[in-house]
Amino acid sequence: VPLVIVLCPLHFFCGGNRAGNDNLSKLGMNNVLDDSWLYWVHCAFVWYVVVVTQKLIFSAHEGFLPRRFDWLKAMPASRATTVLVEELPVFLQRPEKLTRFFDEHVFRRPTSSVKS
């Protein structure tokens, strides 16, 4: 809504009247002439939206992480630490080989047994 309040009047009054008699198109980008300075205004607004959206996402993520960790800690260990592995290569399709692979390459420490 704030962008509409700013950009639509700019298109209407400063766009260059490219839309002609089409009053509805005068509010949009169709009314802006090629190589107009208004494109730089749009560029600035795009970056504004990107920065604000990123801040909101990171803020929501920071609020989500403590709740997720509390939720995982409240679960039984067998459920909170279970990993679903699909489409294994043939050489890892035996439980002992998969356990050794996870111990050496994924977690770099001994893990609990693999169940098929």
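This report covers charged pairs, a nonpolar patch and aromatic rings in a predicted model.

## Basis

Local features need pLDDT of at least 70 and side-chain atom pairs count only at pLDDT 80 or more, while totals for chains, interfaces and linings use all residues. Residues are numbered from 1 along each chain as its sequence is written, and side-chain values use heavy atoms, without hydrogens and water.

## Salt bridges

The model has two salt bridges (a side-chain nitrogen of Lys or Arg within 4 Å of a carboxyl oxygen of Asp or Glu). Arg18 pairs with Asp34, with the closest N and O atoms 3.1 Å apart. Both residues lie in the loop between α1 (2–14) and α2 (38–74), so the bridge ties together parts that are 16 residues apart in sequence. Helices are DSSP runs of H or I with at least four residues, numbered from the N terminus. Arg18 is partly exposed at 44% relative accessibility. Asp34 is exposed at 54%. Here buried means under 20% relative accessible area, exposed over 50%, and partly exposed in between (1.4 Å probe, protein chains only).

Glu96 and Arg94 form a salt bridge with an N to O distance of 2.7 Å. Glu96 is partly exposed at 45%; Arg94 is exposed at 51%.

Asp103 sits in helix α4 (residues 95–106). Asp103 is buried but has no salt bridge. Its nearest side chain of opposite charge is Arg109, 7.2 Å away. Lys and Arg count as positive, Asp and Glu as negative; His and the chain ends are not counted.

Beyond its neighbours within four places in sequence, Asp103 contacts Arg108, Arg109, Pro110 and Thr111 (heavy atoms within 4.5 Å).

## Nonpolar patch

Phe12, Phe13, Leu24 and Leu27 make a nonpolar surface patch of about 450 Å². Patch residues have over 30% relative accessible area and no salt bridge; nonpolar side chains (Val, Leu, Ile, Met, Phe, Trp, Tyr) are joined within 5 Å, like charges within 9 Å. Areas come from the Shrake-Rupley method with a 1.4 Å probe. Leu27 lies in the loop between α1 and α2 and is partly exposed at 36%.

## Aromatic pairs

There are three aromatic pairs. Rings of Phe, Tyr and Trp (its six-membered ring) pair with centres within 6.5 Å; planes under 30 degrees apart are stacked, over 60 edge-to-face, the rest tilted. The Phe12 and Phe13 centres are 5.0 Å apart with planes at 80°, so this pair is edge-to-face. Phe12 is partly exposed at 36%; Phe13 is exposed at 65%.

Phe102 and Phe107 are stacked, at 5.7 Å centre to centre and 25° between the planes. Phe102 is buried at 14%, whereas Phe107 is partly exposed at 37%. Phe101, Phe102 and Phe107 form one aromatic cluster.

Methods: Helices (H or I, at least four residues) and strands (E, at least two) are DSSP runs, numbered from the N terminus.
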